[in-house]
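Reader: I want to learn to read a model like this one. Where do we begin?

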Amino acid sequence: MIRLQNVTKDYGGRPALVNVNLHIALGEFAFLVGPSGAGKSTLMRLLYREETPTSGSVFVGGVNLNRLHKRQVPLLRRRLGTIFQDYKLLPRQTVFNNVAYILRALGVDEKEVAKRVQSALSVVSLEHKADAYPDELSGGEQQRVGIARAIVNGPPVLLADEPTGNLDPATSLEIVQLLERIAERGTTVFISTHDTNIVNALRRRVIYLKGGEIVSDVDSGVYELEPNLNV
Amino acid sequence: MRHLRIFFRVIIETGIGVKRSGWSNWLVVSILAIALTIFGGILQVTMTMKNVVTAWGSQLEVSAYLKDGYQPKRVAREISQIPEVQLVEIVTKDVAWDEMKSTFKVASLANPLPNTLHIRASNPDAVEAVAAKVKLLSAVENIRYPLKVARKINEFRHFIEIAGFAITAALSAATLTVIGNTIHLLIESRQREIEILSLMGVSPFYIKGPFVLQGAAYGAGSAAVAIMVLAVMHMYLDPYITEQLVSLAPFLTNNLEYGMWQTFGVMLGLGVLVGAGGSAWTSGRYIKI
């Protein structure tokens, strides 16, 4: 589902990713971990085509993103659900409208919009907050709205870039457990994080990135500060 | 149906954008309405002046004096085949002689006058060309027409046209700048929202469309205000202007209304075009998706 082949990305001679090779299969749940500046966000940005690699190839759902025309980028992003550390909710829209926005922009009829938004909000247990505005919600609730928005269009891949970065430990665990439940329904979930607690609690595949290189890739792994090199 | 729903949503988003813009809507519409009123007023004046000058120029005649032995009717028919000729009037030598005798005391001698044709061109620009063509006819002995006047009138008409075009260009540029800056400010204030929509996979049409329509709405709204102002001015100033112009040139009576509806149409078209165009350009430049 996600494949990176010899991907290098540098910014004016400063390498952010160095010769990265990675494959994540359909329906898989994986963490991308590493200290700040390891290149996690850069890798995520390559996946939703906010960046392009300096060299190498990035594939999502069999599509080579290097060859993707600028006009096709929105089509790619609709097939990806993306969750951000700062939630990126529309502040002047209600919870319902935030989740419904992409469906309306795609011309889905209002009955269908209502049905799908209710369903997405029920997955994140926020049906009762449909009329609230983002600033009336806690951080955890805002991130759950972000998740509802990400899944409302039924994407096969869910990317989460530091989704618990602004949350307390208990809420963070709730959020990743929610993402794990979504993955159980067949969605590929790829989470970048430097939160050891959530990674160690779930014991799923852990890809360790350090200085722009993958130094470890372990199934049912934990996040250690100095991982065993086990690629 | 899906595309129709998307378009309908874009219109709704435009409405939301206009509502959010608050007082700045009034500011933009007021500035644009002033610019369009000036534009419409100048356009109206230039069109009327051009019309006056054209009507005046169309009074110019080429007089062709025929050689003896040629039938004036036949020559007149030949001349009326020239595309730029609007009217040919025949004054036979007998009529001219009778007229002369009734005006002056003339000794009884043989009629020395030639048959004459008075020719009017379809527009002042064509007078010289008509004169040149008529002169070439074998039946024509000589021609006479007010060359200097025709040239001056044409120069003045061209000056009015160029001045009108220059003013239209200058005011369009000013309007574009005002709309462009307003939409730029709106884009800046919604930059984060635009980034979110882009990351969600919302199409550029859906993101930029409301800004373009908002610009078009500003243009249309401003044009409507400017048209109302000009219509009121027309109502009160028309009788006075008509009186002045008709006293200056009596042949103008039927031509004075020319230009009002055209001006309003141009103002509306220009407002919408410049509004939408300015917004489209600004959106293209500042919305990076």
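Author: With burial. A residue is buried if its relative accessible area is under 20%, exposed if over 50%, and partly exposed in between (1.4 Å probe, protein chains only). This is a predicted model, where local features need pLDDT of at least 70, side-chain atom pairs count only at pLDDT 80 or more, and totals for chains, interfaces and linings use all residues; side-chain values use heavy atoms, with hydrogens and water left out. Residues are numbered from 1 along each chain as its sequence is written, while chains are lettered from A and ligands numbered from 1 in the order in which they are written.

Reader: Now a residue in a helix. Where is Ile175(A) found?

Author: In helix 6 (residues 169–184) of chain A. Ile175(A) has a relative accessible area of 1%, so it is buried. C-alpha to C-alpha, Ile175(A) lies 9.3 Å from Ile198(A), which is 23 residues away in sequence.

Reader: On to sheets. What is the strand order of the open sheet in chain A?

Author: First the rule: two strands pair if DSSP finds at least two bridges between them. The open sheet of chain A has 6 strands in the order 6-7-8-3-9-10, with mixed pairing. Strand 6 and strand 10 (213–218) are at its edges with a single partner strand each, so one side of each has no neighbour in the sheet. Neighbouring strands are turned by 15° against each other on average, direction ignored.

Reader: Why is strand 3 of chain A largely enclosed?

Author: Because 5 of the 5 residues of strand 3 (residues 29–33) are buried. Both of its faces are covered: Phe29(A), Phe31(A) and Val33(A) are on one side, Ala30(A) and Leu32(A) on the other. Strand 3 pairs with strand 8 (residues 188–193) of chain A in the parallel sense, over 5 bridges. There, Ala30(A) has Phe190(A) as its bridge partner. Strand 3 also pairs with strand 9 (residues 205–210) of chain A, again parallel, over 4 bridges. Phe31(A) is bridged to Val206(A) in strand 9.

Reader: What about helix pairs? At what angle do helix 3 and helix 4 of chain A pack?

Author: Axes are lines fitted to C-alpha atoms, for helices over the stretch in contact, and angles run from 0 to 180 degrees between N-to-C directions. Helix 3 (residues 95–105) and helix 4 (residues 110–123) of chain A pack at about 125°, with axes 9 Å apart. That makes helix 3 oblique to helix 4. Under 35 degrees counts as roughly parallel, over 145 as roughly antiparallel, 65 to 115 as roughly perpendicular, and the rest as oblique. The contact includes Val95(A) and Phe96(A) of helix 3, and Val113(A) and Leu121(A) of helix 4.

Reader: And chain B? How many strands form its open sheet?

Author: 4 strands, in the order 2-3-1-4, with antiparallel pairing. Strand 2 (85–91) and strand 4 (140–144) of chain B are the edges; each has a single partner strand, so one side of each lacks a neighbour in the sheet. Strand 1 (residues 61–66) and strand 3 (residues 116–121) of chain B run antiparallel and are joined by 5 bridges. In strand 3, Leu117(B) is the bridge partner of Ala64(B), and Arg120(B) that of Glu61(B). Strand 2 and strand 3 of chain B are antiparallel too, with 6 bridges. Val88(B) stands opposite Ile119(B) in strand 3.

How values were computed. Helices (H or I, at least four residues) and strands (E, at least two) are DSSP runs, numbered from the N terminus. Contact means heavy atoms within 4.5 Å.
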